[in-house]
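Here's a walk through a two-chain model, starting where the chains meet and then taking each chain in turn. Have the viewer open as you read.

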Amino acid sequence: MKNIIQNINKAFDHRIRLGIMSVLMVNESADFSTLKELLGVTDGNLASHTKALEQENYIAIEKQFIGKKPNTSYKATKDGRMAFQDHISALEKLIQKR
Amino acid sequence: MEDKYLQDISDIKNMMNKSSQFISLSGLGGILAGVYALIGAYIGYELIQNNDNRIITLESTTFKWILLTALLILVLSIGTAFLLTIRKAKKEQETIWNSTSKRLLINFLIPLVTGGVFCLLLLRHQVYGLIGPVTLIFYGLACVNASKYTLRDVRYLGITIIILGLLSTEFSGYALEFWALGFGVCHIIYGSMMYFKYDRN
C-alpha cells in the first residue's frame, strides 16, 4: 500500500496539470490556445501550470513564430511520459484495492 | 479519497479522447447522405434505361445528366453532413474548427482526392467501367484513414465499402447496384447505428 502511494505523483495532483499531461500523452504536441480551449482555463492559470510541469522536466516548451504571431507549443518529454504512466498505474491500483 | 482517484482516471480518459478525436460527427448526416445516394442511383438508372443508344459516350446528353446528378448528390450530401455536424458540435459545446477536426479532414481528404483525380484520369483514358468501383474503394480508404481521429464506427463503414468496391470490380455488370449498396444502404445502416448510439440523448 505504501509503495503505491509513493507512486502517486504530486506534480500531477491537480486537475489542470492532469489535463495537460493527458492531452500531451496522445498528441505529438499541442499549442497554447488548443490547451486553453480543451481545459477551459484562463491564460495565466494555464501558463503557471505549464511552467510547473516544465520545471519538473515533464514537458518541453517550444516557442516559434507563425508569420508574425508568436506560437507556443508543448510536448511531453520522455521523463514526463514515464512519470505519467507510473501515475496512472498507481491510480488504477489504488482503485482496484477497494 | 478513492472517489478522487476514480475521478482522476475518468478525467484522464476524457481528456485523451477529447483531444485526439472529433466526436461531433452526425449520424443523421450519414443517413441523409445515404438517402440522397439512393435517389441519385435511381435517377442514374432511369437515365440509362431511357438512353436511346446502347452505348453512353462522354459527349452524350445522358452522360452529362448523369454527371450533373452525381455532382448534385455530392454537394447535397456534403452540405447536409456539414450543417448537421456544426449543429451537433454546438450542442456538445465543441468548437467546429479545432485541431482534431482539422486532422480528421486532412486525413479524410488525402485518399479521397487521390481517388477523385484517379477517376478523372480514368475518364480521360475512357476506362469508364472502373469508375464505380474506384469511387467506392477510395471512399472506403478515406473513411478508414479518417477513423483514427473520430468515432470508431467510421472504420467499419470504410471496411464494408472497400469490400463492396472490390466485389463490384469483379462483377462489373452491377456497378450501379454495388454503388447504391455502398453509398446508399451502408450510409443509412452505419448512420442509424451512430445516430442511436451517440446522437439520441
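A polar contact here is a pair of N or O atoms within 3.5 Å; within protein, one of the two must be able to donate a hydrogen and the other to accept it, and residues adjacent in sequence count only if both atoms are side-chain atoms. Keep in mind that this is a predicted model. By that definition, five residue pairs are in polar contact between chain A and chain B, counting pairs with both residues at pLDDT 80 or more.

**Where the chains meet**

Which parts of chain A supply at least two residues each to the side that touches chain B? They are helix 2 (15–26), helix 3 (32–39) and helix 5 (78–97) of chain A. Helix 2 of chain A gives the most to that side, with seven residues. Sort the chain A residues that touch chain B by type and you get 13 nonpolar, four polar and five charged.

Taking both partners together, the contact draws 22 residues from chain A and 17 residues from chain B. About 1700 Å² is buried between chain A and chain B, and carbon and sulfur atoms give 70% of that area. As for salt bridges, the count between the two chains is one. To find that salt bridge, look for the side chains of B:Lys4 and A:Asp13, which meet at 3.0 Å, N to O.

**The sheet in chain A**

Now for the strands. Chain A has an open sheet of three strands in the order 1-3-2, with antiparallel pairing. Strand 1 (30–31) and strand 2 (59–66) of chain A stand at the edges with a single partner strand each, so one side of each has no neighbour in the sheet.

How many bridges join strand 1 of chain A to strand 3 of chain A? Two, with strand 3 covering residues 69–76 and the two strands running antiparallel. On the strand 3 side, A:Tyr74 is the bridge partner of A:Ala30, while A:Ser73 stands opposite A:Asp31.

Strand 2 and strand 3 of chain A also pair in the antiparallel sense, over eight bridges. One pairing to pick out is A:Gln64 with its bridge partner A:Asn71 in strand 3 of chain A. The two strands form a hairpin with two residues between them, and A:Gly67 in the turn has a positive phi of about 70 degrees.

**The helices of chain B**

For chain A, UniProt places "domain: Winged helix DNA-binding" at residues 16–95, from an unreviewed entry. For chain B, UniProt (again an unreviewed entry) lists "transmembrane region" at residues 22–45, 65–84, 104–123, 129–147, 154–172 and 178–196.

| Span | Helix | Strand | End C-alpha atoms apart |
|---|---|---|---|
| Chain A, residues 16–95 | 62% helix | 22% strand | 21 Å |
| Chain B, residues 65–84 | 100% helix | 0% strand | 28 Å |
| Chain B, residues 104–123 | 100% helix | 0% strand | 29 Å |

Definitions and conventions. Residues are numbered from 1 along each chain as its sequence is written. Chains are lettered from A and ligands numbered from 1 in the order in which they are written. Side-chain values use heavy atoms; hydrogens and water are left out. Contact means heavy atoms within 4.5 Å. Buried area is the accessible area (1.4 Å probe) that two parts lose on being put together, summed over both. A salt bridge is a side-chain nitrogen of Lys or Arg within 4 Å of a carboxyl oxygen of Asp or Glu. Helices (H or I, at least four residues) and strands (E, at least two) are DSSP runs, numbered from the N terminus. Ala, Val, Leu, Ile, Met, Phe, Trp, Tyr, Cys and Pro count as nonpolar, Asp, Glu, Lys and Arg as charged, and the others, Gly among them, as polar. Two strands pair if DSSP finds at least two bridges between them. UniProt positions are given in the numbering used here, feature names are shortened, and annotations may be inferred rather than shown by experiment.
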